[in-house]
Each structure stands twice: as structure tokens, then as C-alpha cells.
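Visitor: I've got a structure open and would like to talk it through with someone. Could you walk me through it?
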Amino acid sequence: MLGLETSCDETSAAVLDYTPDAPPILRSLVILSQDIHAVFGGVVPELASRAHLEAVGPVVKRALADAGTSLDDIEGVAVTAGPGLVGALLVGLMYGKTLAWSRRLPFIGVNHLEGHIFAPALEDPALEPPFVALLVSGGHTLLLDVADWGRYRLVGRTLDDAAGEAFDKVAKLLGLAYPGGPAIERLSARGQAGQFTLPRPMLGELRGGGPNQYNFSFSGLKTAVRRAVQQSDDLERDRAGIARAFQDAAVDVLTTKTAHLVEALGYRTAIIGGGVACNAALAAALRDKLAGVARVSVASARLNTDNAAMIAAAGAWRLARGERSTPSLEPRDDLPIPGLSDGAAHP
Ligand code: KG4
Ligand code: ZN
């Protein structure tokens, strides 16, 4: 299986061995991160598309070489079709469609978020639904009840900023480089817990069982950070403490709601996926809250940030079920997760 991912600022290709009902085996994974965006403090869509265009061919070649294989041995092609930047998605999708068509190979467009759900399975062969999935990336924050692969129920989501977006914006307020998540995590390690206290937005709603019981909101937290920065008379001194307070607040809200849902559903497993899942404090806090209740499966950093291995895994699973995409498939920035039902806030 050849996987391709170009939804944002990573050009990635992967080769995966896949047999139904057996754990997938990752043969190679190449991720080329586009450094150019660091200059602008955020992803510039037009630049991302151009960089994908230059990189996609060599990245695929490299993934095949790293796997010790060639196109002759590839039996299926999976490409991210959305959500993401349409111009960026288009590059990978056109490349994958053309490759599949010219070689008469089965082809499938994959939802990027479903890819993040499949990522932990690449390193955790025992991972099986049902489980609760907390998906936290730069663009999305979703709390899902995963009854089975391909059967997802949306239980909670963010009402404003995504979790990763909040990390990135707070990093900017603190004068840190993009992407902000890793910078905040590093700085937090030097900050003292409790030096600053920030609000836990929507945490109070958990008890009431109302419509926002499992929803999130991060824009108020970001505003509270801005106020703390403005009120500081020595940001050099306070920067690490503020970063720590922000991370503690975000982690607290995310893990408390996720753990609550796991217990409400009586599940024994939870996963965290998406770029923010790289945050070690987040995984540690969820494991702590679910100790003796459920195990928490989190992939390594390479598989949590955007990568083609997770796209190959989700695509292989769908191809094995007989699903195919047609050559007319277009990229969509708002592509819905297949098999997703909106379960409102109640488990
Ligand atoms: O899944 P991803 O690679 O791309 C999207 O699909 O959005 O997620 C990127 C996001 C960025 O907002 C980045 O700041 C965040 O993941 N992130 C982190 C960490 N590493 C990456 N956030 C918190 N702590 C980290 N260690
Ligand atoms: Zn992502």
C-alpha cells in the first residue's frame, strides 16, 4: 500500500504491508516538513502548494526505496482528500490519482482525521475498538466514541479555537517560534506549577450534563494568557510560568472530559491522536486520570503529526472492505469523517 499526505505543510509518503485482520506493518515513512512557513509565523497556503509540487515525486521515490520496493509491488494507493488546504490537498490527490490510473491500481481518498484515529494502531497491534478518541490537531478538537473502525460518534468538539491552534496562538503571545506546541511544552518544563492560575473553560459544564458537557472552548483561555502577558512587568521572568499555566489548564480540560466519557461509556481503552498528542504532559495526565480504568494508546511523535503512514493504514482498511474512490474525486477543506454520526453531547 502506498500512502500520500499533503493536506498542510508536510509532504509525506509511506509504504505499508497490509493483510486484513492482521496488524499493519510499516515498511517506510518519509516526512518532509516545509521550513519556509516558520519565517511567516504560520502556514502560507500558496507556498505550501508550491513546495508540495516540488517535493511529492522525490518523497514517493524515497519512500519506495526505503521500503526496498518499487511501484511494481504496490497494490493500492491511498491519498488524503480532506480536510486541509485545498491547494495543498490537490497536489497529493492529483499525483496519487494519476499514479493509480496509469498503473491500474485501486485508489482511495482518505479523510485526514480518520487517519489520525488509525495512527496508534501502527505501533499498538492490540488496539481494538471500542475506544474513546481525543483528536487534537492544529485545525480540530474532537471527542469521539469509536464503537468500531469506521463507526464514529461525535460526542464533543471545540466551539472556537482548536487545541493546537490555542498552543500556536499562545506561543505567539509569548514570543515563541511557530509551531507553538513543542515550544510551549519545552518552556513549560521550566515553569513552576501554580505560579499563575488560568481558567478551565467549560470544565464546569461536565457535571451539569448540558449541551456543552463534552465540548471545549479555548479562546477565553488565550485571552487570559494575553492579559497575564500584559500585566507582567518582567516577561523574561514570567514566560515559563505563564506557558506552564496555559498547558496545565488546556491539559486539565482535555483529559478530565475524555476520562469522564471513557467512564460513562464503560470503555477500557482511550486514544489520543493529532499533533497535540505529541505533548507528553497530555498523555501522562490522561493515563493518570484513567489509571486502573482504561489504557491510553498514543503513537510516537512521528505518527501523531501529519504523516502518510496513518493515511495508508486508514486507506488500506477501506480498500480491503471493497471501497474505491473514482478519478473524479476532488479535495475538500470540509470533508466529513465517513461513518460519523452526531451524537450530541450525551454518551
Ligand atoms: O496534526 P497536526 O500535525 O496538523 C494538523 O492536522 O493540524 O497538528 C499540528 C498541531 C500544531 O498546532 C502544533 O502546535 C501542535 O499540533 N503540536 C503540539 C505539540 N506538537 C505539535 N501541541 C502541544 N504540544 C506538543 N508537543
Ligand atoms: Zn493532522
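This is a predicted model: local features need pLDDT of at least 70, side-chain atom pairs count only at pLDDT 80 or more; totals for chains, interfaces and linings use all residues.

Visitor: OK, what is the strand order in the open sheet of six strands?

Guide: The order is 10-9-6-7-8-11, and the pairing along this open sheet is mixed. Neighbouring strands in it are turned against each other by 30° on average, with direction ignored.

Visitor: And which strands stand at the edges?

Guide: Those are strand 10 (295–298) and strand 11 (340–342), and because each has a single partner strand, one side of each is left without a neighbour in the sheet.

Visitor: How many bridges join strand 8 to strand 11, and do they run parallel or antiparallel?

Guide: Strand 8, which covers residues 151–157, runs parallel to strand 11 and is joined to that strand by three bridges. Within this pairing, L154 has D342 of strand 11 standing opposite.

Visitor: Switching to charges: how many salt bridges are there in the whole structure?

Guide: A search of the whole structure gives 19 salt bridges. One of them is formed by D145 with R153, where the closest N and O atoms are 3.0 Å apart.

Visitor: Are D145 and R153 buried or exposed?

Guide: Both D145 and R153 are buried.

Visitor: Which residues are linked in a network of salt bridges?

Guide: One such network links E114, R318, R321 and E323. Within it, the side chains of E323 and R318 meet at 2.9 Å, N to O, while R321 forms a salt bridge with E323 in which the closest N and O atoms are 3.2 Å apart.

Visitor: Why does R318 count as buried, and what about R321 and E323?

Guide: R318 counts as buried because its relative accessibility is 8%, and the cut-off for buried is under 20%. R321, in contrast, has a relative accessible area of 52% and is exposed, since exposed means over 50%. E323 has a relative accessible area of 24%, so E323 is classed as partly exposed.

Visitor: Last topic, the surface: which residues make the nonpolar patch?

Guide: I36, V39 and F40 make a nonpolar surface patch of about 310 Å².

Visitor: Where is the place of F40?

Guide: F40 lies in the loop that runs between strand 3 (25–33) and helix 1 (45–66).

Terms used:
Residues are numbered from 1 along each chain as its sequence is written. Chains are lettered from A and ligands numbered from 1 in the order in which they are written. Side-chain values use heavy atoms; hydrogens and water are left out. Patches are made of residues with over 30% relative accessible area and no salt bridge: like charges are joined within 9 Å, nonpolar side chains (Val, Leu, Ile, Met, Phe, Trp, Tyr) within 5 Å. Accessible areas come from the Shrake-Rupley method with a 1.4 Å probe; for residues, only the protein chains shown count as cover. A salt bridge is a side-chain nitrogen of Lys or Arg within 4 Å of a carboxyl oxygen of Asp or Glu. Helices (H or I, at least four residues) and strands (E, at least two) are DSSP runs, numbered from the N terminus. Two strands pair if DSSP finds at least two bridges between them. Axes are lines fitted to C-alpha atoms, for helices over the stretch in contact, and angles run from 0 to 180 degrees between N-to-C directions. Buried means under 20% relative accessible area, exposed over 50%, partly exposed in between (1.4 Å probe, protein chains only).
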